[in-house]
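Subject: Structure handover

Hello,

Please find the structure below. My notes on it follow.

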Amino acid sequence: MAQYFNEPSRTFSEYLLVPGYTGPDCIPANVDLSTPLVKFKKGEEPSLRLNIPLTSAIMQSVSGEKLAVALAQEGGISFIYGSQTVEDEAAMVARVKATKAGFVPSDSNVRPDSVLADVVELKRRTGHSTVAVTEDGTADGKLVGIVTSRDYRVSRMDPNTPVSEFMTPVEKLVVAKEGVSLAEANDILWDNKLNQLPVLSEDGRLLYFVFRKDYDAHKSNPMELLDDKKRYMVGAGINTRDYEKRVPALVEAGVDVLCIDSSEGYTEWQKRTLDWIHKNYPGVKVGAGNVVDADGFRFLADCGADFVKIGIGGGSICITRETKGIGRGQATAVIEVAKARNEYFKETGYYIPVCSDGGIVYDYHMTLALAMGADFLMLGRYFSRFDESPTAKLLVNGTYVKEYWGEGSNRARNWQRYDLGGDNKLSFEEGVDSYVPYAGPLSDGVRQSLAKVRSTMCNVGVLNIKDLQDQAKLTLVSATSIVEGGAHDVILKNK
């Protein structure tokens, strides 16, 4: 006979937090949102931690290299999408890792025989006024000069003028050598009244630029998530089909953590993938999922997952529940899996962080998910709205929107994510193609959302995520009280 659960599976909107005592030190500025990212043993510290409990979803429309840098600057981590060629994903990871805090690889490059029109078009496309002139026109070629807006006047020059005639040659530039620290580079900038400083290798190849304007920007990002070489940290998604080729390439590119991207993780395919990685790359950290109950968690924990993702069918663009009738309300799934995580910790002495993936509609859902036991969250729709996501910004019916599509949609055709050992194809859609309201820069959105999380934690009376999980009081709400919680019985003014 089939097994039945007596209680309905519930969503975050069916719960509220009950306030606790707020002491004099319980203010938002004192709240610590750092959280473990990977498995660790009792009494030890995890090898990887997040400074904020946010990660970006393994999706084409979300996690590109630009968003990865922006999120790392805020203290979270992106998982570069795996539904692309091995070479392209590894190149994305490598470019993120090449972006040290304050050291910026050049994305505007020309050859000496390029012309003014090329420089103008490059500036239009990238928005950057500093153009590196290298022998071969690549970002890491031998530097022969730079072009800035002070070097030319479009109205007074022939667009076919060679760059070599108006660039500032390298002999007249102040440069720094490989190995210079950021503090030393900034001193050179200020002492020489420069706007940019090229950093060169011993043989004269361009490595980075350090920009004067970035000094204040980095001072304003105290939560940056950096590795021991002051590079931004980045994750990457893998699948259960080509991991023997994909994992080595990603490791070579410098990836910090991997995650198996699958709609359902309680499978033999994930076990085989984890076994192979542990055997061939024992130091590499890899998360797995997704699961929605204790059995699924225990299976992946025993397989050696470094973290476990929770959620099936709760994403805003996911239609798995509609098409296949499987899944579980996200709140119920998080509560049960977190309980299983705690029991596993008591039994084995190993704490395996769990990630709530999907079901976050409002900012307060973030706090609820953490209170229910999630160590961190994975968000797709949330991050797809920002400037830094890889999709187009469009004007639709008088409103700015960004494109957002699911990995199970015909647009993405990420059949590997839904693979159950069958044909190499997407038999039917489990995701949709859509728009989301444009929300501006990532930093503004993330800081506002986390300000709400910190404020709510103070209302609960806690200053860190662990205490939130241990001390939070949650109550179910009725349909009527949900209505009561919003604006009601008034005539709202037009905004």
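Which residues form one aromatic cluster with Phe40? Phe345 and Tyr351 do.

Some ground rules. This is a predicted model, in which local features need pLDDT of at least 70, side-chain atom pairs count only at pLDDT 80 or more, and totals for chains, interfaces and linings use all residues. Residues are numbered from 1 along each chain as its sequence is written, and side-chain values use heavy atoms, with hydrogens and water left out. Helices (H or I, at least four residues) and strands (E, at least two) are DSSP runs, numbered from the N terminus.

Aromatic rings

The whole structure holds 15 aromatic pairs (rings of Phe, Tyr and Trp, the last by its six-membered ring, with centres within 6.5 Å; planes under 30 degrees apart are stacked, over 60 edge-to-face, the rest tilted). Tyr382 and Phe383 are edge-to-face, because their ring centres are 5.1 Å apart and their planes stand at 85°. Tyr382, at 5% relative accessibility, counts as buried, and so does Phe383, at 0% (buried is under 20% relative accessible area, exposed over 50%, partly exposed in between, with a 1.4 Å probe and protein chains only).

Two charges sit over rings (NZ of Lys or CZ of Arg within 6 Å of the ring centre and within 35 degrees of the ring normal). Arg328 lies over the face of Phe5, 4.5 Å from the ring centre. Lys393 is placed over the face of Tyr400, at 4.7 Å.

Strands around β15

Strand β15 (residues 257-260) is covered on both faces: Val257 and Cys259 are buried on one side, Leu258 and Ile260 on the other. It pairs in the parallel sense with β14 (residues 235-238) over four bridges and with β16 (residues 286-291) over two (pairing takes at least two DSSP bridges between the strands).

Helix α13

Helix α13 (residues 442-460) has 19 residues and reaches 27 Å from first C-alpha to last, close to the 27 Å expected (1.5 Å times one less than the number of residues). Its buried residues include Leu442, Val446, Leu450 and Val453. Gly461, with a positive phi near 100°, follows the helix.

Regards
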